[in-house]
Structures are given as C-alpha cells and as structure tokens.
Amino acid sequence: MIRNYISKLMKNLIWTIILVVVSANLLARTNSTHSKISGVQGDNTYKEFNCFAVIAGKAATADGSVLLAHNEDDSGEQMLNIYVVPAKEKRDADGKTVQNAKYLWCEFPGMEVADAFLNEYGVGIVSNSCPSREDRDDFTDGGVLYELRTTVAKQARTSKEAVTLLGKLVEERGYRGSGRTYSIADPNEAWIFSAVKGRHWVAQRVPDDCVMALPNNYIIGHVDLSDTANFAGSPDIIEYAIDRGWYNPKTDGQFSFKRAYCKPSTYISDRNVLRHQSALQYLTGRQYESDPDSFELFVKPDRKITLEDMIEILSSHGENLTGEKAGKDVMEKHQECICVNHTVLSTIFQLNVNTPAEIGHIMWVAPGKPCVEPFVPWYTGMNKAPEGWGRFSTSEEAEVKHFSDSKGMRANYPEAKIWEIVDKWDWLTENYGERIDSVEQQRKEMQKKIFREHRKRMKKLRK
Ligand SMILES: [Zn+2]
C-alpha cells in the first residue's frame with residue numbers, strides 16, 4: 001500500500017513538473033472562437049460548507065500583492081478541468097466588435113457557480129453561496145447566473161469594472177440563485193459583490209491594509225452608496241428592505257445589509273460562524289467569540305500576510321478553535337472546518353503589478369483538498385494547459401459543451417489527471433489516522449520545491 005501511495009505521489013509530482021516546464025513556455029497569443037454559454041442549472045444551496053474565501057489588500061501582504069484565496073466546495077464527484085482560453089475578437093448583439101481577454105479557466109462541467117477565472121489583466125473571480133431571504137422571482141429571460149463570471153473573465157480590466165458589469169447584468173436580467181457573494185481581485189484592489197435573488201446587489205471595496213474572510217453568509221454590513229470609491233449597489237437597497245419588513249430604521253439602528261438580506265439560518269449556522277471565527281483568529285492573532293455580530297468585515301492582520309498564510313488557512317480544520325474542533329493530531333477522520341470533505345479545488349490569486357510580463361498573473365491551484373495537494377502556479381502567460389487537465393483539446397469545445405456534456409465524466413474521460421487525485425483522497429480516508437501524517441509531510445516537501453522553482457523563474461525573468 002505504501003508503494004502504491006508513493007507511486008501516486010510520484011504521478012502527482014510528474015504533473016507538477018510538467019506544469020512547471022509548460023509554464024516556462026510563455027506569452028504567444030492565439031485567436032480562436034468562443035461560443036456563448038447559456039446556463040441551465042439552478043443555484044447550489046445545500047448545507048453551509050459551500051466555499052470559503054479570504055482576501056488580503058495589497059498593503060496587508062508581505063510582497064505587495066493582492067491575495068484572493070478560495071476553497072471551492074461542491075458535493076458529488078466533480079471533474080476539474082483547467083483551460084487557457086485565448087483572447088478573441090467577437091461581435092456583440094449590436095454588431096460592435098468586442099475584444100475578449102485571454103484567461104485561465106478552472107472548469108467543473110455542468111456547474112453554474114463553481115468555476116474560477118483569472119484573466120490577462122489580472123482580474124480574478126470566484127464565489128461563495130450566500131443564501132438570501134428573498135422569496136420572489138424577478139427575472140428577464142430566465143435571469144443570469146453562470147454568465148456573471150464569464151463576463152468578468154472576458155471583459156473586466158479591473159475589479160471595479162467587474163463590479164459595474166455584474167451590477168448591470170443583475171439589474172437588467174435578475175440574479176437567478178438565492179444569493180451569492182463574488183470575490184473579485186486585481187493587482188491593485190479587491191471587491192466583494194453580493195447578489196440577491198432578483199435585481200438587488202451591493203458591493204464593497206476591501207481596504208488596502210486589511211484582510212477579510214467570507215463563509216456562506218453575506219458579510220457586508222453598513223452601506224453608503226454615496227461613497228462611490230468604496231461602495232456600489234442597487235439605489236433602493238435600503239428602501240426595499242424596509243418595504244419587505246427586513247429592516248426597521250426605528251428599532252434596528254443603522255442599516256446592515258447582512259442582517260437585512262441574509263437568510264437568518266445561515267447567518268447563525270455553526271458551520272459559517274466557526275469557519276469565520278477560525279479565519280479571523282489566524283489573520284489577527286486575536287481570540288473571537290462564536291458570535292457573527294462580533295466579526296468585523298475587515299481587520300488589520302497582526303503581520304504582513306503571505307501565500308503561506310493563505311495556504312495554512314485554506315487547508316485548516318479548526319485547529320485554532322477551542323473545544324471539540326481542536327487537536328487535529330489525535331483525529332482519526334478528516335475534520336471539516338475551512339477545508340472540508342467536499343472541497344474540490346483550492347485557488348489563490350497572487351496579483352502584483354510587478355510580476356514579470358512573461359508570467360502574466362498567477363493562479364495557485366491545489367486540485368482537490370488543500371490539506372492533501374500542493375499548490376501549483378498557473379500563469380496567464382501560459383499558452384496551453386498541461387496534458388491531462390482538460391477533457392477537450394480546445395477551450396472552445398469546453399465552452400460549447402460546458403452544460404451539454406456534464407454527466408458520466410469519469411466513464412467518458414477516464415484518463416484525466418483529476419481522477420488520480422480523487423482516488424488518492426479515497427485511499428487516504430480509508431485509514432486517515434494512519435496515513436495523513438506522511439501525506440501531509442509529502443505535501444509540504446513538494447510545496448517547498450514548487451515555491452523554490454517558482455521563485456527561481458521569477459528571479460530569472462526579472463533580470
Ligand atoms: Zn483538509
């Protein structure tokens with residue numbers, strides 16, 4: 001069994017090396033055709049382990065990068081594909097020529113709210129389910145969902161521009177899910193954008209010197225739409241809450257978006273509260289009570305945040321909480337907190353204005369659980385994805401078939417690299433208590449090696 005396990009690790013190492021080699025092949029641009037994607041599935045709103053995000057502004061990080069870290073949590077066996085989508089010119093509905101950006105695309109076939117994107121301008125987008133209390137439908141043409149993230153990937157040159165694009169789509173078409181918060185970052189700043197079923201939304205900028213954590217409930221509180229440098233949203237966001245009886249200015253004090261619009265059960269869910277608490281404790285070094293009202297939206301970290309800090313948070317299981325969550329070393333089972341049993345992808349966007357042009361922008365990817373898999377750098381400067389990470393040879397085909405070909409993935413695409421990772425997880429959890437230490441040690445060693453290679457590459461390119 002040990003030999004089997006080592007063999008799996010070696011396979012993993014091999015794709016890491018392939019990636020690193022391919023990553024060195026940078027820059028050339030190719031044109032190809034894109035196809036319009038239309039969504040057919042509903043929002044994914046099962047229990048509240050449904051993604052987690054951490055954002056650090058550029059003055060809060062050790063290297064001046066904006067860092068956006070995210071765990072993608074989805075039930076069932078999910079097939080991760082990664083594509084490099086080339087830039088493309090296309091005509092819009094009015095016959096105007098539009099330039100679509102080149103971007104990296106982490107694709108889960110058939111999913112509307114799971115894919116991660118990072119484009120050539122360094123604009124990255126991921127999202128967390130945040131159920132709202134809205135129970136009225138208000139859509140045009142079925143509303144908008146998947147298209148929100150693809151529009152940002154193709155069109156946004158900054159995260160603020162992404163907020164404008166998303167707000168327009170939600171207002172024009174109506175948001176089809178219950179509620180969701182999109183985390184959007186670029187090398188200068190980051191925003192969070194909360195969509196509510198129907199036509200309402202609000203967005204807030206992350207202050208440069210702050211960090212924030214996002215579980216599966218809305219976290220934006222006070223809203224000041226007159227402060228356009230830091231807020232954007234539906235003009236009637238407060239009035240609508242008053243009309244619906246979700247906010248009473250006479251008894252509730254200052255308006256709080258999260259208190260007014262969040263589905264109440266998710267706001268107080270242990271699954272959300274404990275993950276939020278754990279992340280804030282990691283980021284600030286302070287102890288928090290398990291009370292969501294006491295969690296600040298933005299906090300100043302107790303040190304400059306690094307990529308390693310983000311990896312530690314994404315791969316954590318409540319080790320810094322007291323009570324039954326504490327003491328992972330005595331656990332016989334994988335403990336769920338920020339990293340959970342159905343985490344299918346972990347990404348960290350490391351966005352910096354000084355990244356060498358050949359690299360472009362960096363998406364660190366741990367396919368599967370971040371406590372098991374090391375993070376590998378994918379660059380927007382790459383020309384194509386390594387063998388085995390896309391079920392089709394072209395991103396155009398993947399776009400066309402994103403929804404239409406999404407069943408029986410393992411049977412239809414048995415050679416994909418992701419199955420080795422899924423199988424490794426199954427092997428690990430057969431005897432987690434005995435196997436996790438060696439798996440963790442291997443992950444850490446591989447991570448160090450990957451970081452060394454990446455740093456070497458950056459240094460060479462900067463010369
Ligand atoms: Zn884990």
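Asp141 lies in the loop between β8 (124-129) and α2 (146-155), where helices (H or I, at least four residues) and strands (E, at least two) are DSSP runs, numbered from the N terminus. Although Asp141 is not a glycine, its phi is positive, at about 50°. Asp141 is exposed, with 9 other C-beta atoms within 10 Å; on this scale a residue is buried if 20 or more other C-beta atoms lie within 10 Å of its own, exposed if 12 or fewer, and partly exposed in between, with C-beta atoms placed from the backbone. These values come from a predicted model, in which local features need pLDDT of at least 70 and side-chain atom pairs count only at pLDDT 80 or more, while totals for chains, interfaces and linings use all residues. Residues are numbered from 1 along each chain as its sequence is written.

Cys51 is not a glycine either, yet has a positive phi of about 95°, and it is found in the loop between α1 (2-23) and β1 (52-56). Cys51 counts as buried, because 27 C-beta neighbours lie inside 10 Å.

The protein as a whole has twelve helices and 16 strands, and buried residues make up 48% of its 463 residues. Two residues are in contact if their C-beta atoms, placed from the backbone, lie within 7 Å. Among contacts between residues at least 6 apart in sequence, 72% join residues at least 24 apart.

In soluble globular proteins, nonpolar side chains tend to be buried together. A nonpolar core is taken here as a set of buried Ala, Val, Leu, Ile, Met, Phe, Trp, Tyr and Cys residues joined through C-beta atoms within 7 Å. The largest such core holds 121 residues, of which Ile55, Leu67, Ile82, Val152, Ile184, Phe193 and Met310 touch the most other members. Strand β10 (residues 190-198) gives the largest share of this core, with six residues. Once residues up to four places away in sequence are set aside, Phe193 touches Val163, Leu166, Thr181, Tyr182, Ile184, Trp201 and Ala203.

The sheets come next, with two strands said to pair if DSSP finds at least two bridges between them. Six strands form an open sheet in the order β12-β1-β2-β14-β15-β16, with antiparallel pairing. At its edges stand β12 (211-214) and β16 (376-379), each with a single partner strand, so one side of each is left without a neighbour in the sheet. On average, and with direction ignored, neighbouring strands of this sheet are turned by 15° against each other. Strand β15 (residues 362-367) pairs with β16 in the antiparallel sense over four bridges, and Ile362 stands opposite Tyr379 in β16. Helix α8 (residues 307-314) packs on the sheet, touching β1, β2 (66-73), β14 (343-351) and β15, and its direction makes about 20° with that of β2. Such axes are lines fitted to C-alpha atoms, for helices over the stretch in contact, and angles run from 0 to 180 degrees between N-to-C directions.

Strand β3 (residues 81-85) pairs with β6 in the antiparallel sense over five bridges, and Asn81 stands opposite Glu107 in β6. Strand β7 (residues 116-119) also pairs with β6 in the antiparallel sense, over four bridges, and in β7 the bridge partner of Cys106 is Ala116.

Two further residues complete the tour. Pro292 is found in the loop between α7 (270-284) and α8, and is buried, with 21 other C-beta atoms within 10 Å. Not counting residues up to four places away in sequence, Pro292 touches Tyr267, Ile268, Val273 and His276, while its C-alpha atom is separated by 9.7 Å from that of Asp270, 22 residues apart along the chain. Trp419 has its place in helix α11 (residues 418-430) and counts as partly exposed, with 16 C-beta neighbours inside 10 Å. With residues up to four places away in sequence not counted, Trp419 touches Arg410 and Pro414, and the C-alpha atoms of Trp419 and Leu80, 339 residues apart along the chain, are separated by 9.1 Å.
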